[in-house]
Amino acid sequence: MTAPIETGAPTQRERLKAIIGGSTGNLVEWYDWYAYAAFTLYFAPHFFPSQDRTAQLLSAAGIFAVGFLMRPIGAWLMGIYADRHGRKSGLTLSVALMCAGSLLIAVTPGYETIGVAAPLLLVLARLMQGLSIGGEYGASATYLSEMAGKNRRGFFSSFQYVTLIAGQLVAICVLLVLQAVLSEAQLDAWGWRIPFFIGGGLAVIVFWLRRGLAETQSFAVAKAEGAPKSGFVELLTKHPRETATVMLLTAGGTIAFYAYSIYMQKFLVNTSGLSREAASQINAATLFVFMLLQPVAGALSDRIGRKPLMIGFGVMGVLCTYPIFATLAVTKDPLVAGLLVMGGLVIVTGYTSINAVVKAELFPAHIRALGVALPYALANTMFGGTAELVALWFKQAGMEQAFYIYVSVMIAISLVVYVRMKDTAKTSLIRED
């Protein structure tokens with residue numbers, strides 16, 4: 001006999017506990033995901049034998065992009081799973097997969113030891129992590145948005161990106177610590193494996209933490225009312241406009257985020273000519289401030305709406321991306337470089353701080369996790385996951401400035417969507433009080 005489903009609104013204490021619990025797991029998942037990018041400069045030579053640094057980075061970036069190919073599949077499978085079995089169940093499954101992928105990277109021998117099997121195992125690990133992170137985004141964005149309460153939904157849901165950025169920041173801090181305590185030779189030889197062991201261990205802890213999370217009121221109500229089952233056909237036939245909106249509003253935002261965060265560390269070394277240590281320090285400092293801006297902008301959206309922030313990102317992104325990157329390319333002063341990167345990240349905050357809640361507010365509860373996850377993952381795969389690959393390809397082809405134009409054009413496309421869409425703060429389909 002099935003137990004009755006509780007549909008009462010959670011207390012403020014229960015909301016806070018659930019948001020902290022969900023956010024902690026999200027941080028660990030994204031730490032595991034970003035550790036690959038943070039340590040690429042060190043492990044790339046072990047998996048891709050070449051004397052050309054750009055060629056090695058290009059190969060590693062290709063596998064980073066391959067990981068994104070699994071994200072739509074993960075979003076599809078685990079989005080449906082989270083809609084049918086609960087947000088908590090989806091979050092628990094995603095972190096288990098991430099743990100397995102991280103540990104596989106940690107123990108895989110290099111190319112000199114096992115030959116072509118080394119990059120193949122690296123691909124397998126990234127595919128597992130891509131499957132995990134594809135489901136994680138939809139489940140966590142939905143969970144945080146549903147648990148937040150209508151008056152502070154922008155603020156609390158912004159912690160989805162706070163923990164996403166924190167995961168990246170922790171990965172960079174681990175890199176900085178290892179750079180300080182290990183010699184260059186030790187870090188190149190075996191030290192790069194340490195962060196993947198750390199990530200795998202933390203994921204095990206989070207797995208057990210997530211098993212104790214409370215379920216959301218929205219899911220419970222949809223379950224109790226016998227809402228239609230979540231599925232791909234249901235999404236495309238009943239919610240085609242919302243699905244297209246999520247894809248298009250994500251396109252410019254995701255490529256801007258990856259350009260100013262993930263790719264920036266390599267850009268500062270490979271193009272600006274700064275040291276790896278200086279690039280890591282700049283990336284860490286700017287991401288820390290960027291992280292603190294998310295709840296500020298999220299709270300602002302609760303007062304003035306989501307639409308003004310997204311339009312602000314779109315306009316400034318179109319106008320400023322090319323000048324920022326072009327100036328960074330010839331900048332040798334780490335302080336100036338840091339200020340330029342920070343300027344770009346302040347602009348991107350208009351998207352990152354509220355994109356999760358905007359997407360969640362577009363869909364009814366019975367298909368919300370899938371509706372948030374799948375179109376986002378598709379756009380992220382096409383534009384975010386390929387950002388490094390495209391940037392390095394343009395650089396190798398001798399026309400690096402084309403990447404700055406490409407990013408600006410994609411932001412402009414998203415800007416059109418921001419201008420035309422309704423403000424979801426006023427039309428939200430999330431029914432929780």
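In the predicted model, K223 is partly exposed, with a relative accessible area of 46%, a value that falls between the 20% limit below which a residue counts as buried and the 50% limit above which it counts as exposed. K223 is placed in helix α11, which spans residues 217-224. Although K223 and A365 are separated by 142 residues in sequence, their C-alpha atoms lie 9.3 Å apart in space.

When residues up to four places away in sequence are left aside, the contacts of T286 are with G338, V341, M342 and L345.

Rolling a probe the size of a water molecule over the atoms shows where empty space is left. The largest pocket of the model has a volume of about 430 Å³. Its lining comprises 14 residues, of which R241, T245, L362, M421 and K422 are the closest to the centre of the pocket. Helices α13 (240-260), α21 (401-420) and α22 (424-427) each contribute at least two residues to this lining, and α13 gives the most, with five residues. When the lining of the largest pocket is divided by class, six residues are nonpolar, three are polar and five are charged.

Technical notes:
Residues numbered from 1 in each chain as written. Predicted model: local features only at pLDDT ≥ 70, side-chain atom pairs only at ≥ 80, totals over all residues. Heavy atoms only, no water. Helix = DSSP H or I, 4+ residues; strand = E, 2+ residues; numbered from the N terminus. Buried < 20%, exposed > 50% of the residue type's maximum accessible area, 1.4 Å probe, protein only. Contact = heavy atoms within 4.5 Å. 1 Å grid on protein atoms, 1.4 Å probe; cavity = no way out; pocket = protein on both sides within 12 Å on 5 of 7 lines; lining within 4 Å. Points joined across faces, edges and corners; volume = space filled by probe spheres on them. Nonpolar A, V, L, I, M, F, W, Y, C, P; charged D, E, K, R; others polar.
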